[in-house]
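Welcome to a short tour of one protein chain. Have the viewer open, and we will go from the whole chain down to single residues.

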Amino acid sequence: MSKIIILANKYPNKLEPTACVFIQQLVWSFADLGNECEVIAPLPVTLNPKYLGYVNEEIEITENQNKVKVHHPKYISFGQGDGVGQKARVLFTTKMYEKAVDRILSKMDAKPDYIYSHFLCPSGVIAARMGRKYSIPSYFAHGEALYAGDEKYGNVRLKKELESINGVIAVSTQNKNYVADAGIVTPDKINVFPNGFRKERFYPRDKKESRQLLGLPEDEFIVGMCGSFDDRKGILRLQFAVDQIEGVSFICAGKGELIPTSQKCLFAKSVKNDELPWFYSALDIFVLPTQNEGCCNAIVEAIACGCPIISSDRDFNTDICDNTNSILVDPNNVDEIKNAIVELKNSNSLRHQLSEGSIKKSKSLTLNQRASNILCFIEKMAKGNIC
């Protein structure tokens, strides 16, 4: 059993129960594999005054009844946004975040075996600093779709900060290439671990039952997406494509500023997490013409539920989507999106083939398997062992 400290820029709490739930799920998987896990998730009181009265420490119980201690030290932050003095603000925020983390680490009776941080700035930088200070192997996960925060920190500064990092967990080939091409970390320290799903939650349900649960017609051909309603995810590109196809309707799970207006949209609203497997299972095709991702959790979940996939022909998809389970298109080309939907609508055999391909691919994408692979990588990079 190893003791692992997880640093998180954001982590679920009673004020923000859905904040970065995917980090919590990975931490719980670490704990359920027999490791002692403590999360340090500093709260920026200058960005949200409600954090001032929030508890400093709480205990989570995983689904397998293991304990995870979560620390919430408070700190002063000026964010990492644009505007006057942006770099100075980023550096100041990083230093305050570091002090908050160090207040917790310095009081621990037993030194942890590893420090694992989620995202590059500021937690990845602080993982490297704490690793040097306490002689603990340190790692960061890189899963961002956009890199504005990293760029504001500066690649030259990041390279120097991260020279001591033991390894990087990238969620996609695109993320690995970004870190390597930017010269932030050498390629030999980076490995790709696509996002995973909880197999006890996400698996194919009966389509008729799923549609009844969601109040959807049983006999229509329905495609759908899950994600924020914005241009990046492509909700209106999906609408424009479906509007040109006879006999096809669509549904959307999420929220945002771009609300579909088509009569073919059967619903567009938030869906509770425990209802998402039924949402995916109600679809004939999952379609997400997204322009940028780290590794899209919604696509991974749709794969787990046996959906044929139509998504983007970009590097962030190549680790989870190929010709066995998907048709990949230019996410900005409505005609390509439309033609892919038509091709699958007109071929029951191809839909069945891609559905079976998704179910087969999902076996390598479980969260438990991902956690095991990451832990193996961490140990390998720290001790030179072979997984």
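## Surface and charge

The accessible surface of the chain comes to about 16900 Å², and carbon and sulfur atoms hold 50% of it. Keep in mind as you read that this is a predicted model. On the charge side, there are 47 positive and 46 negative side chains, and the centres of these two sets lie 6 Å apart.

## Overall build

The chain has 13 helices and 16 strands. Its radius of gyration is 22 Å, close to the 21 Å that the globule rule gives for 387 residues, so the chain is as compact as a globular protein of that length. Along the principal axes, the C-alpha atoms fill a box of roughly 65 × 45 × 40 Å.

Of the 387 residues, 56% are buried. Among contacts with a separation of 6 or more, 68% are between residues 24 or more positions apart.

## Backbone details worth a look

Start with the peptide bond from Cys-121 to Pro-122: it is cis, with omega near -5°. Pro-122 sits in helix H3, which covers residues 120-134.

Phe-119 is in the loop between strand S7 (114-118) and H3. This residue has a positive phi of about 85° although it is not a glycine. Is Phe-119 buried or exposed? Its relative accessible area is 17%, and the limit for buried is under 20%, so Phe-119 counts as buried.

Gln-65 also has a positive phi, of about 65°, without being a glycine. It belongs to the loop between strand S4 (57-61) and strand S5 (67-71). With a relative accessible area of 61%, Gln-65 is exposed.

## Aromatic rings

A pair of aromatic rings is described by the distance of the centres and the angle of the planes. In this chain the count comes to ten aromatic pairs. In one of them, the rings of Phe-202 and Tyr-280 have centres 6.3 Å apart and planes at 50°, so the pair is tilted. It links distant parts of the chain: Phe-202 is in the loop between strand S10 (190-192) and H7, while Tyr-280 is in helix H9 (residues 276-281), 78 residues apart. Phe-202 is buried, with a relative accessible area of 5%, and Tyr-280 is buried at 0%.

How are the rings of Tyr-280 and Phe-286 arranged? Their centres are 5.8 Å apart and their planes stand at 70°, so this pair is edge-to-face. Phe-286 is buried, as is Tyr-280. Through ring pairs, Phe-202, Phe-267, Phe-279, Tyr-280 and Phe-286 are linked into a cluster.

Ser-210 lies in helix H7, residues 207-214, and counts as buried because its relative accessibility is 0%. Which residues does Ser-210 touch, not counting those up to four places away in sequence? They are Arg-205, Trp-278, Ser-281 and Ala-282.

Ser-312 is part of strand S15, residues 309-312. Its relative accessibility is 0%, so Ser-312 counts as buried. Leaving aside neighbours within four places in sequence, Ser-312 is in contact with Leu-288, Pro-289, Thr-290, Asn-317, Leu-328, Val-329 and Pro-331. For a further distance to check, Ser-312 and Val-287 are 25 residues apart in sequence, and their C-alpha atoms are 9.3 Å apart in space.

Key
Residues numbered from 1 in each chain as written. Predicted model: local features only at pLDDT ≥ 70, side-chain atom pairs only at ≥ 80, totals over all residues. Heavy atoms only, no water. Helix = DSSP H or I, 4+ residues; strand = E, 2+ residues; numbered from the N terminus. Buried < 20%, exposed > 50% of the residue type's maximum accessible area, 1.4 Å probe, protein only. Contact = heavy atoms within 4.5 Å. Rg over C-alpha atoms; globule rule 2.2 N^0.38 Å. Areas by Shrake-Rupley, 256 points an atom, 1.4 Å probe, with all protein chains shown as cover. Lys, Arg positive; Asp, Glu negative; His and termini not counted. Charge placed at Lys NZ, Arg CZ, Asp CG, Glu CD. Phe/Tyr/Trp six-rings, centres within 6.5 Å; stacked < 30°, edge-to-face > 60°.
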